[in-house]
Amino acid sequence: MIKTFRDLEVYQEAYKLMIIIHQEVKKFPIYERFDLASQMRRASKSIPTNIVEGWTKRIHEKDFKRYLDIALGSTNEMQVHVEIAKDLGYLNINLCEGLLNRYKILGSRLAKLRTNWKTF
């Protein structure tokens with residue numbers, strides 16, 4: 001049973017991914033820490049925080065879906081950032097492939113939640 005936003009699997013996964021990203025971007029070159037690394041930190045934080053804000057406003061369908069759309073947009077943004085970090089050699093290829101797969105699944109789950117929000 002879902003009692004709080006912490007019970008949502010999409011929140012749990014988004015939070016775990018955010019922690020991984022924050023740990024990994026510390027390894028980026030200094031000149032990237034205020035550019036790509038900063039973008040990745042912000043986008044990765046956006047996903048769980050928008051899920052929470054949407055959950056808080058879930059009695060209003062339009063608001064709930066709007067926040068899930070923002071979270072989905074940040075999920076897609078993270079896929080591009082991870083690909084960039086991989087192609088620039090900042091992140092391990094295997095790690096990137098795992099992250100990309102997890103973000104893809106998260107995006108699918110967010111889209112499904114948005115569609116079926118009344119039944120969760």
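Is Y11 buried or exposed? Hold that thought for a second, because I want to give you the answer with its number: Y11 is buried, at a relative accessible area of 12%. One caveat before going on: what you see above is a predicted model.

Okay, the overall fold. We've got four helices and zero strands in this chain, and if you walk along the sequence the pattern reads α-α-α-α. The radius of gyration comes out at 15 Å, close to the 14 Å that the globule rule gives for 120 residues, so the chain is as compact as a globular protein of that length. If you'd like a box instead, the C-alpha atoms fill one of roughly 45 × 25 × 20 Å along the principal axes.

How much of the chain is buried? Of the 120 residues, 42% are. On contacts, take the ones between residues at least 6 apart in sequence: 70% of those join residues at least 24 apart.

Now the surface and the charges. The accessible surface is about 7,100 Å², and carbon and sulfur atoms own 52% of that. On the charge side, I count 21 positive and 14 negative side chains, with the centres of the two sets sitting 6 Å apart.

How many aromatic pairs does the structure hold? Three. Let me show you two of them, starting with F5 and Y11. That pair is edge-to-face, with 5.0 Å centre to centre and 80° between the planes. Then there's Y11 with Y15, which is a tilted pair: 5.9 Å between centres, and the planes are 35° apart. Angles over 60 degrees count as edge-to-face and those under 30 as stacked, so 35° lands in the tilted class.

Why are Y11 and Y15 about one helical turn apart? Because they're four residues apart in helix 1, which covers residues 9-24.

F5 has 17% relative accessibility, so it counts as buried. Y15, at 39%, counts as partly exposed.

Let me stay on F5 for a moment. It lies in the segment before helix 1. Which residues does F5 touch, leaving out anything up to four places away in sequence? Y11, V52 and W55. If you go looking for L99 from there, F5 and L99 are 94 residues apart in sequence and 23 Å apart in space, C-alpha to C-alpha.

Last stop is E24, which is in helix 1 too. Is E24 buried or exposed? Its relative accessibility is 17%, and the cut-off for buried is under 20%, so E24 counts as buried. And its partners, again skipping residues up to four places away in sequence, are L91 and L95.

Terms used
Residues are numbered from 1 along each chain as its sequence is written. Side-chain values use heavy atoms; hydrogens and water are left out. Helices (H or I, at least four residues) and strands (E, at least two) are DSSP runs, numbered from the N terminus. The radius of gyration is taken over C-alpha atoms; the globule rule is 2.2 Å times the number of residues to the power 0.38. Buried means under 20% relative accessible area, exposed over 50%, partly exposed in between (1.4 Å probe, protein chains only). Contact means heavy atoms within 4.5 Å. Accessible areas come from the Shrake-Rupley method with a 1.4 Å probe; for residues, only the protein chains shown count as cover. Lys and Arg count as positive and Asp and Glu as negative; His and the chain ends are not counted. The place of a charge is taken as NZ of Lys, CZ of Arg, CG of Asp or CD of Glu. Rings of Phe, Tyr and Trp (its six-membered ring) pair if their centres lie within 6.5 Å; planes under 30 degrees apart count as stacked, over 60 as edge-to-face and the rest as tilted.
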